[in-house]
Amino acid sequence: MNELSLSLAWTEVRLKYIRTKIGPFWETLSLAILLFTLAVLWSKLWKIEINEYLPHLVSGMIIWRYMALIITDGCLIFTRHDYIFKSVPMPFSVLVIKHIYAGIFLFLHHLPIIIIFNLILKIDFISINLFYLIYSVPIFLITSYSAIIILAITSTRFRDIHSLTASLVSVLVFFTPIFWTIDQMGETGRKYFVTPNIVYHYIEIFRKPLIGHSPNFFSVIFTFIFTILIFIFSMYLLNKYKKRIIFWI
Amino acid sequence: MARIILKNINLSFPIIGTDIYIRGKIINKFIGGKIEENKKKISIKALDNITLQLNDGDRIGLVGHNGAGKSTFLSLLAGIYWPDSGDIKIEGKIQNLFDPNLGLEPEESGYKNILKIGLMHGFKKKDIINKYQKIIDDTNLGDYIHLPVRTYSSGMRLRLGFSVVSSLSPEILLLDEMIGVGDKNFQEFAKKKMNEIIDNASILVLASHSNKIIEQFCNRVILLVNGKIIKDGSPMEILDYYQNNGIQ
């Protein structure tokens, strides 16, 4: 089952670049250039130290790219592969895991950007704080798995959900402290935009360890509880509807 | 020992996203399934109270007009659909060949595609690797095996898919109308392969519109009408009944 997921995900990546020369590096390179220029510009505009702002923006954005891929394309995994489900008995989890692999590949090939900028700016990121990732990675994976199941089931049944999710995702990136930092937001702003924003807490537990800090305790607790809840809900949904999904595809 | 036991199986397809007006119009007796309406949900009854036992050595031919439920029945056995009610008991490794090219990736070489097709059909990676050479020999593709599949003719593609899926020896084999495809060359090839796997399988279930194929491969025929089993018996008897009664 895992072999198939991995093979499908790997083929997808290979096919994207099969006839290009430096293939995947174009995407990484252009993202690096974009983030670097934005960081230079905005750190001047907002008068923040570039040493502080650049790692914040770069790591936040690369984690966000992973999340956006998981969420928006996650809606489509059943409908896009309808021919598979109609021809062989295929557990839904195979394609869910395949999609997570696709997200991991994307993240891994952007990860060098974070590391290179960290090295250039001499950020002390190889520290004890990296151990927080032992918590963050499983939390990310379980949440991704559950979120894909929920989104895929609901948007297979109600086709509008994909468009709705896609537009929410494109707005969410501005409401989450990725381009800006929470220090720039006033007390009230934080109360309404930051504290209840689950995406922020997920980015926080991953971003902080990558740039040499420890995540705040509240985010750790918040993500932990949310992960348990979303996992339970996704299993409930899958069990309730797994026999019906094939008729909706 | 392979065996399939079905008890009072019912299966309906819900119709989603069709408005009431159109629904009224599609109630048409030429449609195979029975359309049911309860409350606001509309569904098509595809299988109606099916009770059946298939034993070792059975070579089942499914006959019936379009929409009689043949493919649904096969998909149910394959594990693609779940019944609304009733019990299914299947003993033995079951394999369907509904789409031998499932998993085929045109940009990749035939060589790499062998693994993809195999994994997609539920095989373990190590089992496929053990049979790699045999599969390649079976395809008869020669050096083409290292070229991307997009350069293949459709006959060559079929040959590739077919060689992979036929290299496994399932105890229960499900087939849906696929023998008639491809050119004469492929037909010969398919027939040879087919005989091979059918001989090895304990139970065969085959849906077809061709009496010739049914007579050639089957020793028991089941006639489906509107999702119900109307007759079950020897090929001669059922095919005669089917033709003479002109069941639509």
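Mentor: Before we start, one definition: two residues are in contact if their C-beta atoms, placed from the backbone, lie within 7 Å. And keep in mind that this is a predicted model.

Trainee: Got it. How many residues of chain A are in contact with chain B, and how many of chain B?

Mentor: On chain A, 15 residues; they are in contact with 22 residues of chain B.

Trainee: Which helices of chain A each supply at least two residues of that side?

Mentor: Helix H1 (2-17), helix H5 (82-87) and helix H12 (245-248) of chain A.

Trainee: And where does the largest share come from?

Mentor: From H1(A), with five residues.

Trainee: How do the residues on chain A's side divide into nonpolar, polar and charged?

Mentor: Nine are nonpolar, three polar and three charged.

Trainee: New topic: B:Tyr242. Where is its place in chain B?

Mentor: In helix H8, residues 235-244.

Trainee: Buried or exposed, and why?

Mentor: B:Tyr242 is buried, because it has 20 C-beta neighbours inside 10 Å. The cut-off for buried is 20 or more.

Trainee: Now B:Gln53. Which strand is that in?

Mentor: Strand S3 of chain B, residues 41-54.

Trainee: Is B:Gln53 buried or exposed?

Mentor: Exposed, because B:Gln53 has 11 other C-beta atoms within 10 Å, and exposed means 12 or fewer.

Trainee: What about B:Gln53 and B:Lys7: how are they placed?

Mentor: They are 46 residues apart along the chain, and their C-alpha atoms are separated by 8.5 Å.

Terms used:
Residues numbered from 1 in each chain as written. Chains lettered and ligands numbered in written order. Predicted model: local features only at pLDDT ≥ 70, side-chain atom pairs only at ≥ 80, totals over all residues. Helix = DSSP H or I, 4+ residues; strand = E, 2+ residues; numbered from the N terminus. Nonpolar A, V, L, I, M, F, W, Y, C, P; charged D, E, K, R; others polar.
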